[in-house]
Amino acid sequence: MRGLGAVLRLPRLGLGGGLSHTLTCLPLLLAPDQPQSGTASGKLCRGVHTEQPWIRPRPSVRSAHGHTWQDEFRWLEAGGKRVQRVLDDEAAAFRHYMEGTEFLQASLLESMLAQLPDQQATEPESVGGHEYLTEQSAEAPHRRYLRRAKAGGGVEVLLDEGVLATEYGALCSLIQMKLSRDGSSIAYTVDPGDGSERLQVHVQRIGSAGLGTRLPQLEGSVSIEWSHDGSHLYCTRADALGRPSRVERVDVSAPEHARPECICEEPDAAFWLDIGKTKDWRYLVVSSNAKRSSEVRVLDWEAGEGPGKLRLVHPRSPGLEYFVEHADGHFYMLSNAQREDGQYSLFRIPAESSSPSPPPERWECVLPAGTQGLVLEDFDAFRRCLAVYARDAATGLPRLALLKLVLEAPFLDVLTVQCRPDLALTVHEYEEWGDPHSTAGFLQVQTACPYQGLRGGAFPPTLITASSTDTRVPVWGPLKWAARARAMNQGPAPILVAPDLHAGHAAHESQRLELAALLQAFAMRALGLA
């Protein structure tokens with residue numbers, strides 16, 4: 001990927017999803033006598049359309065596995081006041097570039113809002129004797145979670161996001177809400193919206209006022225699930241790097257004084273824990289998921305709860321993924337077992353705990369991958385049937401390459417991040433990007449790194465968003481890429497960074513249309529349309 005160009009894979013995006021961004025560049029050679037004095041960003045690179053901050057390079061050599069490379073913007077990783085000045089300069093330059101587009105932004109936003117219906121409501125979901133739905137309107141923009149009895153009667157409000165906003169602020173988000181089996185209570189998690197993604201947990205009796213009881217002892221939980229009898233709440237707890245590494249439960253009969261009890265722990269930093277339940281409420285499902293492998297344990301609620309009760313369905317194996325449901329005395333599993341192409345088939349095995357689970361080659365295949373040309377993606381188990389979700393096979397479909405002008409929270413300095421296991425997501429993504437602790441893994445990461453792959457040439461207009469409170473993509477990655485790209489840019493197009501347009505990795509739901517209008521206005525100006 002170091003020939004005439006490099007295809008740069010930019011994951012960890014916020015609103016835009018994955019993308020490919022192709023740039024043709026030349027190697028950077030930093031002269032040893034490059035000046036080091038002066039302010040961090042004290043002069044401007046003038047282009048045809050804008051003034052861009054100049055971030056001072058400082059010679060710095062890194063080495064690993066017998067390879068050395070220059071990282072002249074390494075100093076940005078240190079943070080502090082100098083880096084804050086850089087962020088301030090970048091924000092000022094972006095505001096200057098966007099001057100005169102205020103009316104355009106307002107028109108774009110008005111057009112987007114006009115396309116929204118006056119009132120939005122989800123299709124009711126039937127659970128027990130009730131139907132559950134959500135609604136919101138222009139007059140009441142905060143979403144309300146409702147239920148109504150199938151036999152008739154009034155509508156009950158389970159939770160009002162407007163009430164959440166009065167407690168946590170306008171940028172809070174409801175992340176998960178779980179209904180107890182008897183339908184009497186809800187448990188839910190809230191992101192306060194400060195960018196930390198550290199969730200708060202509440203339990204509440206349906207019909208009670210306010211927000212119920214907050215469980216501070218479960219702060220930092222990632223996923224939650226009720227026990228089958230509603231006596232306990234299970235959760236996954238995040239470690240210092242945000243990885244869900246423990247499953248705990250707490251007695252909710254007296255939640256203010258209950259201490260969490262550890263059910264299991266995942267020591268491998270490449271695996272993240274997740275919990276759920278089977279649709280028939282027979283099993284709690286604890287999944288350990290890496291990028292390309294998984295392992296599932298189940299807790300049979302009919303056999304009792306507590307530590308030591310988890311049963312392994314099948315041990316983890318490199319490249320083997322499987323996901324479990326239960327119905328009619330069997331575990332049904334969507335898995336890539338028995339195939340070389342990685343596609344999923346639907347399997348089943350007996351759920352009895354008296355005998356060990358058979359090896360994957362002996363799993364009974366219920367629906368093979370590729371049946372009727374479909375790609376299996378998910379399934380649900382019901383009392384009398386299975387519902388399988390699939391899509392048409394993509395073979396033969398045309399591909400369209402697009403140049404994206406706006407990169408939202410892109411993952412650009414892959415090599416530095418993957419060499420930092422102290423950062424969130426790093427170890428978990430070794431399977432995807434490579435483990436730089438080995439020579440082969442290091443070279444794989446280096447080759448895939450957009451920051452390392454930059455070469456000189458005429459760059460397209462580019463805007464990069466970044467947040468100083470992003471726990472997934474460090475803000476210095478986009479800054480380093482932009483600084484190096486500007487130094488190599490042989491054309492007039494601007495390369496801008498818009499820092500802290502929102503907190504954290506992605507914008508709050510209430511900010512997204514305004515942000516979309518801003519980014520569209522940038523694209524129109526960059527293309528000479530505004």
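Colleague: Which strands each supply at least two residues of the lining of the second largest pocket?

Modeller: This is a predicted model, in which local features need pLDDT of at least 70, side-chain atom pairs count only at pLDDT 80 or more, and totals for chains, interfaces and linings use all residues. Residues are numbered from 1 along each chain as its sequence is written, and side-chain values use heavy atoms, with hydrogens and water left out. Strands are DSSP E runs of at least two residues, helices are H or I runs of at least four, and both are numbered from the N terminus. The strands that each supply at least two lining residues are β12 and β16 (221-226).

Colleague: What volume does the second largest pocket have?

Modeller: A pocket is an open set of points on a 1 Å grid over the protein atoms alone, where a 1.4 Å probe fits, with protein on both sides within 12 Å along at least five of seven lines; lining residues have an atom within 4 Å of a point. Points are joined across faces, edges and corners, and volume is the space filled by probe spheres set on them. Gly195, Ser196, Glu197, Thr471 and Arg472 lie nearest the centre of this pocket, among 47 lining residues. Its volume is about 1100 Å³.

Colleague: How many charged residues does the lining of the second largest pocket have?

Modeller: Ala, Val, Leu, Ile, Met, Phe, Trp, Tyr, Cys and Pro count as nonpolar, Asp, Glu, Lys and Arg as charged, and the others, Gly among them, as polar. The lining has 19 nonpolar and 14 polar residues. The charged residues number 14.

Colleague: Which strand gives the most to the lining of the largest pocket?

Modeller: This pocket holds about 1600 Å³ of space. Its lining has 50 residues, with Glu125, Lys277, Thr278, Lys279 and Trp281 nearest the centre. Strands supplying at least two residues each include β8 (125-127), β12 (173-179) and β20 (272-277). With five residues, the largest contributor is β24.

Colleague: How many nonpolar residues are in the lining of the largest pocket?

Modeller: Its polar residues number 13. Charged residues number 17. The nonpolar count is 20.

Colleague: What is the bridge partner of arginine 348 in β27?

Modeller: Strand β26 (residues 345-350) runs antiparallel to β27, and three bridges join them. In β27, arginine 348 is partnered by glutamate 364.

Colleague: Why is β14 largely enclosed by the rest of the structure?

Modeller: Buried means under 20% relative accessible area, exposed over 50%, and partly exposed in between, with a 1.4 Å probe and protein chains only. Strand β14 covers residues 200-205. It is largely enclosed because, of its six residues, the number buried is five.

Colleague: Which residue in β15 stands opposite valine 203?

Modeller: Strand β13 (residues 185-191) pairs with β14 in the antiparallel sense over six bridges, and alanine 187 has valine 203 as its bridge partner. β14 is also joined to β15 (residues 213-214), antiparallel, by two bridges. In β15, the residue opposite valine 203 is threonine 213.

Colleague: Why is one side of each of β30 and β32 left without a neighbour in the sheet?

Modeller: The open sheet has the order β30-β31-β32, with parallel pairing. β30 (406-408) and β32 (495-499) stand at its edges, so each has just a single partner strand.

Colleague: At what angle does helix α1 run to β32?

Modeller: Axes are lines fitted to C-alpha atoms, for helices over the stretch in contact, and angles run from 0 to 180 degrees between N-to-C directions. Strand β31 (residues 462-466) pairs with β32 in the parallel sense over five bridges. Helix α1 (residues 81-97) lies across β31 and β32, and its angle to β32 is about 110 degrees.

Colleague: Is leucine 87 buried or exposed?

Modeller: Leucine 87 lies in helix α1. It touches Ser468, Val475, Leu479 and Pro499, leaving aside residues up to four places away in sequence, where contact means heavy atoms within 4.5 Å. Its C-alpha atom and that of valine 475 are 9.3 Å apart, though 388 residues separate them along the chain. With a relative accessible area of 4%, leucine 87 is buried.

Notes:
Pairing = 2+ DSSP bridges.
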